[in-house]
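Please keep the sequence and the structure in view while reading.

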Amino acid sequence: MIRKFLSKVFSRKATASESLVKLSIISSKHHGIRRHQITPCALKTALNLQQAGFSAYLVGGAVRDLLLGLVPKDFDVATDATPEEIHRIFRRSRIIGRRFRLVHVMCGAEIVEVSTFRGPSSDDDGPASIQSIDQHGRLLHDNVFGSQEEDAKRRDFTVNALFYDPAKEEILDYLNGYNDIKAKKMRIIGDPVQRFREDPVRLLRAVRLAAKLDMQIDTETAKPIGDLAPLLQNVPPSRLFDEMLKLLLSGHALTCVIELRTRGLHHGLLPMLDVILEQPLGERFITIALKNTDERVRQNKPVSPGFLFAILLWHEVLAYWNSLQASGEKPLPALFKAMDHILSLQHKKLAVPRRFDAVIQEIWAMQPRFEARVGRKPFRLLAHPRFRAAYDFMLLRCESGELSIEFGEWWKAFLSADNSEREKMLAKQTTIKKGRRKRSHKKPSPNSVIASENPIDNSST
Ligand code: ATP
Ligand code: MG
């Protein structure tokens, strides 16, 4: 038994990633990262661990971003100290996670995530591994401690596997990630099929990071992506939602969404995207909306996830709403039915948390109210706490051609007018409305709740 175990340990063949391993050390003269670019908390955490006799490095996205001249979102530290040892060194720290235990070190408002080097990430990496995978190859455990080199190899892309030593100011590169960064190549570590199977979220990370970093996905890495897309169905919906939100709030949402569709990854996330993007109106709406969102994110302005999902799902609601009206349902009940239907479908696929439902529904439900430009109705709408989001949403509908431009212009003018001007604008609308009533006895259009005021260009919906 012991002999069998030892022979397995010593005779095992090198895996694809092992055969690539050759440690390169890049000095500060070459890499150009300066210590002042690192937050004091991250610096202090790594240096204190080193002073306590452990090895400790900045790792992952932060090193990558610094090399690319980007400002890192956060700093992670990797060390050979165990979570308990880390916790003992830092008074203000706590161990988090049950399966994958990490330590959060706090300095003021800043939190640095410290993880212990992890070991091999799949069974064929050796008999010492106690990880297990499900029937699709998805890794169920990833919590075995290992060496620094093993920690590099269990990461996703070579560009994410660089270690920065803040004392020596050197970068340790086991997997040629430094050159990949310089060549702007996203290359998965190890066998692409196996690594995507282990964690299908890596498929989405490939798309998001390539867009954010303006990198090409390496050909070998990209090859199996389309075929493996169905594996996203096995990822817990809450994890998919988190990743989707990161993608939408990355400042590159438009590129990411187009790329998801091109690579066939959208089916499990936004299954109607194909249909929506094939209709000129749907395509325009999503393009304009995501461009605006990206602009806001880049200017550090807040973006509400509820608003984003209201956008992404609107044309599904619209199509279903129209079909219900065509089959004789009244506009408002039909809209509410369509909203419930689309939201409940989406909960199953993407686990959009129910806490966002209220915002999404309010934005949608307020849309017909913009059409009621008579009496006190516009004033009541203005006073609604969600008015601004619903108004921005309505303007996007105008910009995309779903509503007439004149309609959005009227509301813009109404908003900037004083009260007496507003009264005049409404009186004018009432006169126009009366005039229309006299001239026409046409049946109301199915798309408009207040048909005589219909601002919707029906021909194009
Ligand atoms: P960003 O923070 O800009 O979204 P990131 O690469 O820093 O990008 P994080 O989620 O912060 O992403 O992860 C930190 C590091 O952990 C990554 O750089 C990578 O080394 C590793 N990592 C994250 N997710 C995975 C994964 N699914 N599989 C393997 N390694 C991962
Ligand atoms: Mg990060």
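How many salt bridges does the count come to? Here a salt bridge is a side-chain nitrogen of Lys or Arg within 4 Å of a carboxyl oxygen of Asp or Glu, and by this rule the count comes to 22 salt bridges. This is a predicted model, in which local features need pLDDT of at least 70 and side-chain atom pairs count only at pLDDT 80 or more, whereas totals for chains, interfaces and linings use all residues. Residues are numbered from 1 along each chain as its sequence is written, chains are lettered from A and ligands numbered from 1 in the order in which they are written, and side-chain values use heavy atoms, with hydrogens and water left out.

Among the salt bridges is the one between the side chains of Asp156 and Arg205, with an N to O distance of 2.6 Å. Asp156 belongs to the loop between α7 (148–153) and β7, while Arg205 is part of helix α10 (residues 201–213), so the pair ties together parts that are 49 residues apart in sequence. Such helices (H or I, at least four residues) and strands (E, at least two) are DSSP runs, numbered from the N terminus. Asp156 counts as buried because its relative accessibility is 9%; buried means under 20% relative accessible area, exposed over 50%, and partly exposed in between (1.4 Å probe, protein chains only).

A further salt bridge is formed by Asp199 and Arg239, whose side chains meet at 2.9 Å, N to O. Asp199 lies in the loop between α9 (192–198) and α10, and Arg239 lies in helix α13 (residues 237–248), so this pair ties together parts that are 40 residues apart in sequence. Are these two partners buried or partly exposed? Asp199 is buried, because its relative accessible area is 15%, whereas Arg239, at 36% relative accessibility, is partly exposed.

Asp180 and Arg187 also form a salt bridge, and their closest N and O atoms are 2.9 Å apart. Asp180 counts as buried, because its relative accessibility is 3%, while Arg187 has a relative accessible area of 29% and is therefore partly exposed.

The next feature is a covalent link. A disulfide is identified as a pair of cysteine sulfur atoms within 2.5 Å, and by this rule the count comes to one disulfide. The bond joins Cys41 to Cys107, with an S to S distance of 1.9 Å. Distant parts of the chain are linked by this pair: Cys41 is in helix α4 (residues 40–51) and Cys107 is in strand β5 (residues 102–107), 66 residues apart. The link of Cys41 and Cys107 is right-handed, with 70° about the S-S bond, and both cysteines are buried. Two other cysteines may be inspected as well: Cys256 is buried, with a relative accessible area of 0%, and Cys398 counts as buried at 4% relative accessibility.

The backbone deserves a final look. Most residues other than glycine have a negative phi. Glu169, although not a glycine, has a positive phi of about 55°. This residue is placed in the loop between β7 (162–165) and β8 (170–173), and Glu169 counts as partly exposed because its relative accessibility is 22%. Asn176 likewise has a positive phi, near 65°, and is found in the loop between β8 and α8 (177–183). With a relative accessible area of 40%, Asn176 is partly exposed.
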